[in-house]
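Hi everyone, thanks for coming. Have a look at the screen with me, and I'll talk you through what's there.

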Amino acid sequence: MSYENITYAVDGGVARITVNRPDKMNALNHQTITELGQAFDAAKADDAVRALILTGSGPKAFVAGADITELLAQAGNAKGASDLAAFGQEVFRKLEHMGKPSIAMVNGFALGGGCELALSCTLRTASTNAKLGLPETSLGIIPGYGGSQRLARIAGPGVAREWILTGDMFSAEEAHRVGVVNRLFSPEELEEGTQKMLKSMLAKGPIALRFGMELVLRGWDMDQTAGEALETEYFGKAAETEDMKEGMSAFVEKRRADFQGK
Ligand code: COA
């Protein structure tokens, strides 16, 4: 598969997807979102891919939002704009529900659709010079790629209201403080810190990782009792895996576990 607006490379079990329109601050036009969807399908289908990193090319931006020039063309067209939002949501949901952990490595501006893309990843790292926010209300619109829902679930409705209603840009430190960013690094240490975080996850049982992600994701839409029932079910399923035997034996034998994802 060849891509115009992103790059896709697999190395050491990790698919690295880079949004590559640096002259447009990596803004997400329709073509870019289409390519992201294709890359997510490829990563999901490839057994060699165990995790993903998403980032933006160039020194300034992760992704500075949906492409405003394309959005402008939808002014006055409710159906076209809704379809655009639904398409972006469908693509971002592929990432969120892939069953493989993804990290948004936020290396600069992550605004609007870019912030929403980061929120669709399992986890987020950021450099101290990054800026995040949902400035859509400044443009007379609202987040359309799931941001209003995911931000409220990740950081709470108070933070979601603040970010959406003020449209402000927030420092990476503030995003870290409210739980949007999981780990913060200096610009020089962002790559290494993100890789280290990934490595620590890749050393764990792959089935356990998938179950852990699914539980949190599915639990979002459940009450606590139903969520705990699901946890009980998955706990039982995990006990049937060879990975459980390997993980526990390795602990007792004082060696590193060699998980096979079975
Ligand atoms: N859509 C389309 N083009 C965008 C864009 C977006 N979301 N964000 C940046 N660009 C383009 C600019 O138009 C400019 O293109 P040009 O050189 O052809 O004029 C180029 O990227 C560089 O951006 P510029 O604004 O000159 O850089 P800056 O360093 O002064 O500012 C930002 C950077 C991110 C603060 C600023 O570009 C910005 O506010 N972007 C829009 C953010 C936004 O509202 N996103 C939500 C969209 S729903």
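Between domain 1 and domain 2, 1 residue pair is in polar contact, with both residues at pLDDT 80 or more. A polar contact here is a pair of N or O atoms within 3.5 Å; within protein, one has to be able to donate a hydrogen and the other to accept it, and residues adjacent in sequence count only if both atoms are side-chain atoms.

Quick word on the source: this is a predicted model, where local features need pLDDT of at least 70, side-chain atom pairs count only at pLDDT 80 or more, and totals for chains, interfaces and linings use all residues. Numbering starts from 1 along each chain as its sequence is written, and side-chain values use heavy atoms, with hydrogens and water left out.

So where are these domains? Domain 1 covers 6–202 and domain 2 covers 206–252; the bounds come from an automatic or database domain assignment. Their centres, taken over C-alpha atoms, are 27 Å apart. As for touching, 10 residues of domain 1 are in contact with 7 residues of domain 2, contact being heavy atoms within 4.5 Å.

Which residues form a salt bridge? Arginine 153 and aspartate 221 do, with the closest N and O atoms 3.1 Å apart. The rule wants a side-chain nitrogen of Lys or Arg within 4 Å of a carboxyl oxygen of Asp or Glu, and it finds 1 salt bridge across this interface.

Okay, now the ligand. There are 16 residues around the ligand, and the closest are Lys24, Lys60, Ala64, Ala66 and Ile68; to count, a residue needs a heavy atom within 4 Å. A polar side-chain atom of lysine 24 sits 2.5 Å from a ligand oxygen. For lysine 60, a side-chain N or O atom is 2.7 Å from an oxygen atom of the ligand. Isoleucine 68 uses its backbone: a polar atom there is 2.9 Å from a ligand nitrogen.
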